[in-house]
Amino acid sequence: MPDHGNSSRRVTVPTCDHGPVTVWEPDWCTGSDREHQPGGYRVDITHASPDYEFTVSTSRGTPVVLRVCLEQRPFTERPPGHVPFVNVEMDGD
């Protein structure tokens, strides 16, 4: 597990495969229901920062071209592992 020196709180998430799981929550995590949905699998627990949107001015308005957030999945076995990473959304995908 990563160093929790940047965390001042813990959150308990009810999961369907491991029961209540208590994890350190990074200070940058929004802690909303989207990140800590009860009843899912432990591997699906995700910490996420607020979204940051990058826009471009056009003659038809100012669309969002990129949306990014900082994310961490403390129980994943897939890359990038347990460390925080930048999640980039392009064109709503």
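So, the largest nonpolar core: in this predicted model it comes down to six residues, namely Val 11, Val 13, Val 21, Val 23, Ile 45 and Phe 75. Two strands, β1 (9-15) and β2, each put at least two residues into that core. And the general background, for anyone who wants it: in soluble globular proteins, nonpolar side chains tend to be buried together.

Let's stay with one core member, Val 13. What does Val 13 touch, once we skip its neighbours within four places in sequence? The contacts are Gly 19, Pro 20, Val 21, His 36, Gln 37 and Ile 45. Two of those, Val 21 and Ile 45, are in the core list as well.

Okay, next stop, Gly 40. You'll find Gly 40 in the loop that runs between β2 (19-25) and β3 (47-48). Is Gly 40 buried or partly exposed? Its relative accessibility is 25%, so we call it partly exposed. Again ignoring neighbours within four places in sequence, Gly 40 has contacts with Pro 14, Thr 15, Cys 16 and Asp 17. Take Pro 14 from that set: along the chain, Pro 14 and Gly 40 are 26 residues apart, and their C-alpha atoms are separated by 7.6 Å.

Last thing, the surface. There's a nonpolar patch there of about 360 Å², built from Tyr 52, Phe 54, Val 56 and Val 65. Let me pick out Val 65, which sits in strand β5, residues 64-72. Val 65 comes out at 39% relative accessibility, so it goes down as partly exposed too. Patch members need over 30% relative accessible area, and Val 65 has 39%.

That's my tour; over to you.

Methods:
Residues numbered from 1 in each chain as written. Predicted model: local features only at pLDDT ≥ 70, side-chain atom pairs only at ≥ 80, totals over all residues. Heavy atoms only, no water. Helix = DSSP H or I, 4+ residues; strand = E, 2+ residues; numbered from the N terminus. Buried < 20%, exposed > 50% of the residue type's maximum accessible area, 1.4 Å probe, protein only. Contact = heavy atoms within 4.5 Å. Core = buried A, V, L, I, M, F, W, Y, C linked by side-chain atoms within 4.5 Å. Patch = residues over 30% accessible without salt bridge, like charges linked within 9 Å, V, L, I, M, F, W, Y side chains within 5 Å. Areas by Shrake-Rupley, 256 points an atom, 1.4 Å probe, with all protein chains shown as cover. Salt bridge = Lys/Arg side-chain N within 4 Å of Asp/Glu carboxyl O.
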